[in-house]
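Subject: Structure handover

Hello,

Please find the structure below, with notes on what was found in it. The notes start with one residue and then go from the whole chain to single places.

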Amino acid sequence: MAQDAAIRLSTVSVVEALAASLRDRVLDGQLAPGTTLAETEIAVGYGVSRPTARSAVTALVHEGLLHRDANKPAYVPHLTRADVDDLFLVRTPLEAQVVRVLVDRGTVPVTAAERAIADLDRLGPDAPHSTFVESDLRFHQSLVDAVGSPRLSRLYRGIKGEMHLCMVQTRHTLGRERIVAEHGAILEALRAGQAEEAVRRMRAHLDGACSSLQLIFDGDRA
């Protein structure tokens, strides 16, 4: 029984490592929209079993980073204006509620949030776009995780993955200086215990991000 448990743990670690590698390739833009990921090719390329490849692919499908139609291999989706609208339909009210809860509970993650802001501020102009996006979204994730709800954190990570993918595919963000300033303003309101002001600043920040991404997609259709 102990041996069986060890085998299961080993399998899980391989699946997680493979999923992490595929996730990085998708989020770094190495795998372009429309690229298919056949389980057989993944298994051969990484030297793993096909069930392991299938499990890793399924994990990314659940995160929204891959799509899969019935009886067809998974593929990297090309996100659209409708995807942006839907993501922010969920994200904006969720994060507005998060900052309100943090003030009510007195659990503002000052250290983690400040570190995320500082890491973003230190990035040079030649930093990979995916690194920039990761630093941006890590600030938001730190606030969500500070609520202390495993379900909320799990839900948000799914949204965050698709947001990351969206910003990588459009090669667009609000810009480092603006994001650093707006993140800092949100944290300032949180530290002061100003719940409604924190909500207002978070909504303004996310509305700006949503609008800028919408303009990119509208321009692509022109």
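Leaving aside neighbours within four places in sequence, which residues is Ser142 in contact with? Contact here means heavy atoms within 4.5 Å. By that rule Ser142 meets Pro109, Ala112 and Ala113. Ser142 itself belongs to helix α6, which covers residues 129–146. Its relative accessible area is 12%, so Ser142 is buried; the term stands for under 20% relative accessible area, with exposed for over 50% and partly exposed for what is in between (1.4 Å probe, protein chains only).

Before the rest, some notes on the source. This is a predicted model, in which local features need pLDDT of at least 70 and side-chain atom pairs count only at pLDDT 80 or more, while totals for chains, interfaces and linings use all residues. Residues are numbered from 1 along each chain as its sequence is written, and side-chain values use heavy atoms, with hydrogens and water left out.

The whole chain

The protein has nine helices and two strands. Helices (H or I, at least four residues) and strands (E, at least two) are DSSP runs, numbered from the N terminus. In sequence order the pattern is α-β-α-α-β-α-α-α-α-α-α. The radius of gyration of the protein is 19 Å, close to the 17 Å from the globule rule for 222 residues, so the protein is as compact as a globular protein of that length. That radius is taken over C-alpha atoms, and the rule is 2.2 Å times the number of residues to the power 0.38. The C-alpha trace spans about 55 × 55 × 35 Å along its principal axes.

Of the 222 residues, 42% are buried. The exposed surface comes to about 11,500 Å², and carbon and sulfur atoms supply 53% of it; areas are from the Shrake-Rupley method with a 1.4 Å probe, and for residues only the protein chains shown count as cover.

Leu27 and helix α1

Leu27 is in helix α1 (residues 2–27). With 11% relative accessibility, Leu27 counts as buried. Apart from residues up to four places away in sequence, Leu27 touches Leu65, Ser130, Gly161, His164, Leu165 and Val168. Gly124 is 97 residues from Leu27 in sequence, and their C-alpha atoms are 19 Å apart in space.

The loops on either side of α3

Ser49 sits in the loop between α2 (39–46) and α3. Its relative accessibility is 36%, so Ser49 counts as partly exposed. Between the C-alpha atoms of Ser49 and Glu39, 10 residues apart along the chain, the distance is 9.2 Å.

The loop between α3 (50–62) and β2 (74–75) holds Gly64. Is Gly64 buried or exposed? Gly64 is buried, at a relative accessible area of 10%. Leaving out neighbours within four places in sequence, Gly64 is in contact with Pro77, Glu162 and Leu165. Leu165 is also among the residues that Leu27 touches. From Gly64 to Val48, 16 residues apart along the chain, the C-alpha atoms are 23 Å apart.

Asn71 also lies in the loop between α3 and β2. Asn71 is exposed, with a relative accessible area of 83%. Its phi is near 60°, a positive value in a residue other than glycine.

Helix α8

Helix α8 (residues 176–191) has 16 residues, which at 1.5 Å a residue should span 22 Å; the end C-alpha atoms are 22 Å apart, which agrees. The expected span is 1.5 Å times one less than the number of residues. Which residues of α8 are buried? They are Ile179, Val180, His183, Ile186, Leu187, Ala189 and Leu190.

Glu182 is found in α8. Apart from neighbours within four places in sequence, Glu182 is in contact with Leu174 and His205. Arg201 is 19 residues from Glu182 along the chain, and their C-alpha atoms are separated by 7.6 Å. Just after α8, Gly193 takes a positive phi of about 75°.

Regards
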